Every structure is written in structure tokens, then in C-alpha cells.
Amino acid sequence: MSGLRMRFLTAVVAGAGVTLGVAVAPAAAAGTPHIRAGQTVPVYSYEKAVRESVWVQTTLDNDLDGAPDRVAVDIVRPREAADRRLKVPVVLEASPYYSCCGRGNEGELKEYDAGGTITKQPLFYDNYFVPRGYAFVSADLAGTGRSTGCMDVGGREEVLSAKAVVDWLNGRATATYADGTAAVATRWTNGRTGMIGKSWDGSVANGVAATGVEGLETIVPISAISSWYDYQRYNGVLRAEDYPEFLHQAVSGRPAEACAATLKELDEGSDDATGDYNAYWAERDYRPDARRVKASVLIAHGLNDTNVTTTQFAQWWSRLDGPKRLWLAQQGHVDPFDIRRAEWVELLHRWFDRWLHGLRNGVDREPPVTIETAPGVWADERTWPAAAARPAKVALGNGDGTTGTLGGRPGAGSRTWTDAPDLAEATAVASPNTAVPGRVAFLSAPLTRGVRISGTPSVSLRVQVDKPTTELTARLVDYGTATRVNYLGPGEGIRTLTTESCWGASTAADDACYFDTAEDVVTSDHAILTRGWKDAAHRVSLRFTTPLQPGRWYSVTVPLQATDQRVAAGHVLGLILQASDNEYSTPQSTGATIRLDLRGSSLTLPLAGTLPVPGATAPTVPTAPPAPARLAPQRFRPLLP
């Protein structure tokens, strides 16, 4: 943070061990001075810490210059531990963002002095953990920052460049200082490494863990990707054209000509024309190798994340067999440090103490799931999805001919609509009792008791389509007034305040103080609980298209994003169906007309509780006029993960 702006500092968090610019507590007696009463404590000087940079050699040569690619690594480690020949574990964040886009709510970048020595590391990890007997290591992924090679967006080069750092920390790879002399990590580290990071950084942690590399003891993926196909495609639906190329160019630190071959591979391999899952995407899919993960895993994700959507954590979580923990908030793409700061830092501290220092503090025996159930209301649970949730098949009924019903007996006949690519989400979900071109709506009876939807819903649609394919979009909506986290707001569910709090030790160049945040809540008459998309021609397989023949009936299952939400008594559950979606994808509209067979279609909910049997017609649901579209019509804006 800039020292020029006015600071309104709150009290330093208990346990941080320092105030701004003040030295840490005195060291303990002989032995391991940073461990007391079963936890690490801040006894080492952050100001006097060793700060150095090395370049780790990888096994690849993506920039085709005839030399192995090298990863730039910046290190902050406790000098007193080194002087006493105490080897310390490592907190590692590998990122493409250190010189282009910044990290955290305040967009911090790495900073160096005139001699090239690291003076400022983004985020609080070094400030907090180095005084407690950890080293903090930040690595510029291949092709970014000061590294060589070429960024291949989730591929082998990216993953193996970060894995090479773990190997170096364990004596299995070589590195040099800027002057070419050898850098040997095993002189100061015991090799026990934990990777952490939000979004792209956390995705790298997933990918490295999936290699099964020795020495990676734990990972903390925050809002992270586990399959790049699911990030850039929605079951065959194109999220944005030339997305991998956009991401490469956004973070690349290399001259364009050095990485022309990689850019061509990204363009051709990702295959915008078909949306198929192919070898390119399989290389960037970490889920099949979840069985190889040896590290413990602490996952944090926003239940309303529309950037890195929730299938990313849900599919990864379900495949992990080892020690794992899950932290779910109601925000969007937001770090838990900016949601529930004190509790998150305390958990992270204990988690790293357990898996990197080996301290038996009981964190691995606590309830493994923490969920925000309503604004500011949190619950600890033993499983996710919820143990009480069971698959409930919900019929689609006739209703009044305009609005159908959810629950009870299946309807007879059909509903028909034509793709309307300009139909905004806000318009599609508002006024469900009114006919809106391009969408059909189904409503449950008002709930007599609250229900919980925990897991991954889906909708099975039996359709006739007058074109070889069409995109299909489904939205599950809670109609009823409530105070909710404003995840569609500018902060995706948080507000940045003018006060600050400090989380660790500081220097003049790198302070540990960050603007406080608060939940951004809004009272609304409805909320979208989850969304789902599918290209109908990918109904048989994501690996190839199977065109539809006009006049024939086909069953197409549209999986929705995983969720965990409570719907209160008196509220109405709604299902909104349309074709292409101009806000969360780049529509490839065929102009199709879709005919939906009600009897052959249904909604499947992972449901704790029961839906009431609807009447002959759907209830009247009053809603406010739709707000303006959140994104530009017919064009999804590419996002940085």
C-alpha cells in the first residue's frame, strides 16, 4: 500500500506479534524458538529477513531458444533461523500476476530495489509467516514476470514450472543466483512446502498437487480452477472467443515473437469452432489425477462465483481422498481474507502449522466443512454436500399455459420458445407470471417449510429443435424477499472500508496493513441460486458433436453449477429456461425454435426437505422491474481467473 495515503489503522490483530514498523517479540530459549505451546509464534525479525532471488531451471524449452526455461523465484526467510542452521518450511505462491495485474483486493505487485533485490511481496503471507519460522517463496510462472519460457495457460509448461520450484526446494532441481552461482535451497529449508493462491494461482496449486510431487505437503486453492475446459467452455458452449490467447497476452512477460509458437498452439488446440473437449483440454484437466494428490487440501470458494464457477471446487472436492477441508462463502470471486479476515487467518495459521511444521493442533480433526448460510451466519458441518440432501426429481407441470409448475404430476403437452440472443438475465428471471419472448418459466407452490439445496442440480429436457443444434440455459431462482449478499455488485459481495488492520510485521517498503472490508448486502425480491448451460449437439459426449435432426425428440441434460443455499418458507422456487445466454457466454445463436415436452422433462435437485404439491396454476410472484443487463449484450467480457 502507498505510504502517501491517509491511514486509519484499527487495532493490530491479537497474535500478529507486531504493530506497524515495530520489531517482533524476543526469541524464546534454546530449541526451536518459533514454536511455543503447540503453535508457531512471531519471534524472528521481518525487517532483517534474508531477501533474495534465484532462477530455477525447468525441464522444458517452450520459447525454443535452445536453453531450459528458468523460473524467477523471490524468497523472504528468517535470518536468525538461518544463522542457527534451523531449516524452515515454505509457503509458496506461484502466479502469473506479479508484474501485470497485482494480487489481492488492493492489486499489489512485486517491488525491487535498484540492485534487483525483492523489497515488497504482495499480500500478507510473508509478513505474517516469516516471523513465525516459515520462508515465503513467490514464483513467476514460466513466461511471466522475470521468468523465461512461454505461458501456456494451464498446460504442462505452467504446471511443471511451478513443480520445478518444489523440486528445487527438495534438492531435485538446480537454480542459480543472478550472477550465475549455484543456489542450494536445502541449506535453509526442510523442503516441506505448502502452496496457496487465489484464482489462477490456486489453479496452479491444484495442477502441481495432481503431479503427486514429493515435498508438497498441503495446498490452499482459493476460487481455483480444476478443469480449464470447464472454465472456458460450458458443456460445449463457448464462454469467449480466443480466450486462451487473451489470457496468455494479458500475463505474458516475453516479447511476442518469442512465444509465437505457443500462441499458435493455444489458438489451434482450444478449438473455438466446435467447443469439443480434446487433448488440449485434457492436458489442462487436473481432476483425473486427483488420486495422485498426496497433499492435504484446504479449499475456499464463493458459492456465487460467476468467474471461476462452483463446479471447479465441487468436482475437485469430490475426487480428493486425503485430508481435506472446505470453506464456502456467499460472495463471488473474493478471497476469504476479505470476507471473514480474523477467522481465515487463524485457520490458515493452524493449517500450515499442522501440515508444514507437523504440530498436532487438532485442526485436522475439526468439522471439515464451513459454510456461510446467510449474510454473516456460518455453520460447521461434517460433509459436503449436506448429508440430508437427496436427489429429488421435480416434474414440470402445465400451469396456466404461460407459467408452468414445479412439483406434483408431470404436465401434458409442450412449451415452445425461440432463441432470443439479446435476452438479458435480469429480464429473463423477472416477472415469471408474464410471457417473455425467448424464455419459459416454471414455479413451485410457496414453500410450507424451508428447504436446502446442497450439491449439483440438473435439468433433463426432452426437446425438438428445428436446427442442428442450439444452446440451452437454465437458471434456478429463489422468489421471495430477503437480505442477501450482493454478489452481483461491484465488489462481488464485499465493500472496501477506509479503516485498516495489520496482519504481521512491516518494513518501510512492505507493510502488513490492508483496508478492512465488510459484506455488501442487499434486500431483494428474488435471487438466482445457480445457472447451467449446454450445447445440445454435445448431449452424447463433450468430445464430439452429434447434430440434431429437426422433428425428432432428444433428451438433453443441462447440469447446473454446484450450490448450497437455503430457500425460506413462503418463498417460491423458479426454473427459467432459455436458449443462448449473452451475459455468461459468447452466444453462438442458431436462431432455433425449441419445443419442450413437459412429460419427458424434469428438474433434479439435491434437496434437504420437500417441495409442496403445486395447485393447478403457478402462484403469482411479484418482482421489481428488471435491472439493466450486467454485461454488454451478446458479448461476454473475458475475465482473468
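This is a predicted model: local features need pLDDT of at least 70, side-chain atom pairs count only at pLDDT 80 or more; totals for chains, interfaces and linings use all residues.

**Cysteine pairs**

I numbered the bonded cysteines of the protein chain in sequence order, and the pairing came out as 1-2, 3-4, 5-6. Residues are numbered from 1 along each chain as its sequence is written, and side-chain values use heavy atoms, with hydrogens and water left out.

How many disulfides does the structure hold? I get 3 disulfides, taking a disulfide as a pair of cysteine sulfur atoms within 2.5 Å. Reminder from class: a disulfide is a covalent bond between the sulfur atoms of two cysteines.

Cysteine 100 is joined to cysteine 101, with 2.4 Å from S to S. This link is left-handed, at -95° about the S-S bond. Buried or exposed? I checked the cut-offs: buried is under 20% relative accessible area, exposed is over 50%, and partly exposed is in between (1.4 Å probe, protein chains only). Cysteine 100 has 31% relative accessibility, so I put it down as partly exposed. Cysteine 101 is at 32%, so partly exposed goes in my notes here too.

Next I found cysteine 150 bonded to cysteine 259, S to S 2.1 Å. The angle about the S-S bond is -90°, which is left-handed. Cysteine 150 sits in the loop between β9 (135-140) and α3 (156-169), and cysteine 259 in the loop between α6 (243-251) and α7 (260-270), so the pair ties together parts 109 residues apart in sequence. For the labels, helices (H or I, at least four residues) and strands (E, at least two) are DSSP runs, numbered from the N terminus. I looked up the accessibility as well: cysteine 150 and cysteine 259 are both buried.

Which hand does the link of cysteine 502 and cysteine 513 have? Right-handed, with 95° about the S-S bond. I place cysteine 502 in strand β26 (residues 494-502) and cysteine 513 in strand β27 (residues 513-519), 11 residues apart. Cysteine 502 and cysteine 513 are buried.

**Entry: the tryptophan**

Tryptophan 553 is in the loop between β28 (521-535) and β29 (554-559). Its relative accessibility is 27%, so I call tryptophan 553 partly exposed. Leaving out residues up to four places away in sequence, tryptophan 553 touches Arg462, Val463, Gln464, Arg595, Leu596 and Asp597, where contact means heavy atoms within 4.5 Å.
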